[in-house]
Amino acid sequence: MVQTLVIHGNEACVRGAMAAGCRFFAGYPITPATEITELMARMLPQVRGVFLQMEDEIASICAALGAAWGGAKACTATSGPGFTLKQEGIGWAAETDTPIVVIDVMRGGPSTGQPTSSSQQDVMQAKYGSHGDYEIIALTPSSVQEAFDLTVKAFNLAEIYRNPVMVLSDEIVGHTREKIRIPEQVEVVRRKKPESSIKDYIPYRPTSQGFLDGMPTFNQGYGILVDGQLHDEWGIRAGHKPDVSAGLVERICRKITGHARELLDVEEYRLDDAEVAVIAYGSPARPSLRATKEARHTGVKAGCLKMRILWPFPETAIDQLCQRVKKIIVPEMNMGKIYREVERVARGRAEVISMPKLGGEMHTPQEIFEKIK
Amino acid sequence: MHPLADKYLRQAALPLIFCPGCGDGTVLNIFLRAVEEMDIFPDLALVGGIGCSGWLPTYLRADVLHVLHGRAIPFATGLKLTDPRRKVVVFTGDGDCVGIGGNHFIHGARRNIDLTVIMMNNGIYGMTGGQVAPTTPLHGRTQTSPYGNIEFPFDVGDLARAAGATYVARWTTAHPKQLLRAIKEGIEHAGFSFIEVLSQCPTQAGRYMEGTSDPGELLTLFKKRAISVERARSTAAQDLRGRIIVGKIHHLTEKKEFSKTLYESFPAEAADNQDHP
């Protein structure tokens, strides 16, 4: 039976995580993500899942990573300053092919910034926050329904790609209450077990697709070495071997960039004949869509492209759009971070206009409409 | 090859990263003896931090996480809580454990979670080339305390006990039999076990602080300085200066272990999660 609820986005993330099989959460309270930690504390024990409030954000992600190898689908949630602290763990996860979901309910920064106000200022930190070369997947919900749906999807993608997956929510999505529909069953990707026998199992030998032969749980006899140092196919350190270490970094990056087509998740609204396009993600996607509709009423051929997966960046979709439209508007609750990515893809073929908005408030449909016409 | 090495070591990972004469080799040897005598290999889940000592578990054919600097205890916490039957052993150094990892260490001890933390203490940051550590003796000369260390060192055993650890022991690499017993007791103890091993570092601490890079001489110094915890109790404070108090410092069995508490705290009506993920 479909359940209809009126809840806020943070609760939707928790319900999405639970539905996707999350059975371990370690977190540290931080505004505006705290409700995720509080609700996990309530809900996880009901399914014999482990909830831990750790001593800090670093410990939280590390405990979740340990739990992932212990056999659980694991998660942590935070906001800006805590997201920064989690970055070394995110890098470790990328380097070791460990599935983990990190929910960042974005607030304004830099530093402790605006704890109770919204922003989209962490989008580059999500992609580039940890040191070294690696890739992540980031999903950007714009509504409470999407907070649920995309959290489920984040857990599934974490299992498929064995990679850190971010849910880049924001304070507006996190604290807005609206009606959502939760299906009785959601599609859940179960953890892939190794196909080879224990004797033949080589933990880090990629298939032709760039994936690995399943992820064993500790204490099942595989004797796996999971090392944050660059390693060979058996997990043994290989930082001193240029070819082997380079091969590992290339593999973990290509594992994501090489599947950009499968990871494309955009919604298009009236882009077929559009001359003006709004490209948006997260909260500002909603006034963008509204502004596009208003513009159509006034006879302006406007359309909207909403990104539900921001990283890997939907370059092909935007590239095709740049061949058709004259003008692209990018409203963001930051100084214009994704605007630069769009401009990079546009290469001068369309005029790209940044619409930054700081201070914690979302763009109004009117503001975007003014730019469209 | 030693029969225990043949049985338990990841041959492809050899040779060991440790310098000749390093005490960490002794700890590896004694740990393998403990594993053999206790017959616990399939239940082991090992976590290593960063630094020379953090490498120790990577040579075993067990399931191993080699993690981030200072973060071994939170990784081990997650690992333990997903299945409390695991015997989780953390290998760490003094810098890893109480320098960068100090906060995680005290909170692990506070929870009294059933981890066995073996901290190799050489009084210096060895792998990065001999810099001052939170355990470097006062006046000790290192690469970052060239005029002598001006900070007071931690007594990590006291710290562990004060934070809530329920098994605390300290030995040196010159006490292999006693250390073996402590490791076995620590693994058997249901709670946060902290075993400190004074481990000689001929390359850095020996050369710069002790004036000798001869491992034999360093072991002799350990023997000379060691005083049992029982004798230390009746020894005047000024006579304990420069001495290493060894033995079982603290053993408390009444305090409840954390993972057991956590699993017992699940509501009776809670659905079983065996089926996940």
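Val278(A) stands opposite Cys304(A) in S13(A). These residues belong to strands S12 (residues 276-281) and S13 (residues 302-307) of chain A, which pair in the parallel sense over six bridges. Strands pair if DSSP finds at least two bridges between them; helices (H or I, at least four residues) and strands (E, at least two) are DSSP runs, numbered from the N terminus. This is a predicted model, in which local features need pLDDT of at least 70, side-chain atom pairs count only at pLDDT 80 or more, and totals for chains, interfaces and linings use all residues. Residues are numbered from 1 along each chain as its sequence is written, chains are lettered from A and ligands numbered from 1 in the order in which they are written, and side-chain values use heavy atoms, with hydrogens and water left out.

The open sheet of five strands has the order S11-S13-S12-S15-S16 (chain A), with mixed pairing. Its edge strands, each pairing on one side only, are S11 (266-269) and S16 (351-356) of chain A. Neighbouring strands of this sheet are turned by 20° against each other on average, direction ignored. Helix H13 (residues 365-372) of chain A packs on the sheet and touches S12, S13, S15 (327-332) and S16 of chain A; its direction makes about 160° with that of S15(A). Axes are lines fitted to C-alpha atoms, for helices over the stretch in contact, and angles run from 0 to 180 degrees between N-to-C directions. Contact means heavy atoms within 4.5 Å.

## Lys357(A)

Lys357(A) lies in the loop between S16 and H13 of chain A. Lys357(A) counts as buried because its relative accessibility is 16% (buried: under 20% relative accessible area, exposed over 50%, partly exposed in between; 1.4 Å probe, protein chains only). The side chain of Lys357(A) makes a polar contact with the side chain of Glu367(A) at 2.9 Å. A polar contact is a pair of N or O atoms within 3.5 Å; within protein, one must be able to donate a hydrogen and the other to accept it, and residues adjacent in sequence count only if both atoms are side-chain atoms.

## Interface of chains A and B

The contact takes 46 residues from chain A and 43 residues from chain B. The two chains bury about 3800 Å² between them, 60% of it on carbon and sulfur atoms (accessible area, 1.4 Å probe, lost on being put together, summed over both parts).

Two salt bridges are found across the interface, with a side-chain nitrogen of Lys or Arg within 4 Å of a carboxyl oxygen of Asp or Glu. Glu88(A) forms a salt bridge with Arg71(B) at 2.6 Å between the closest N and O atoms.
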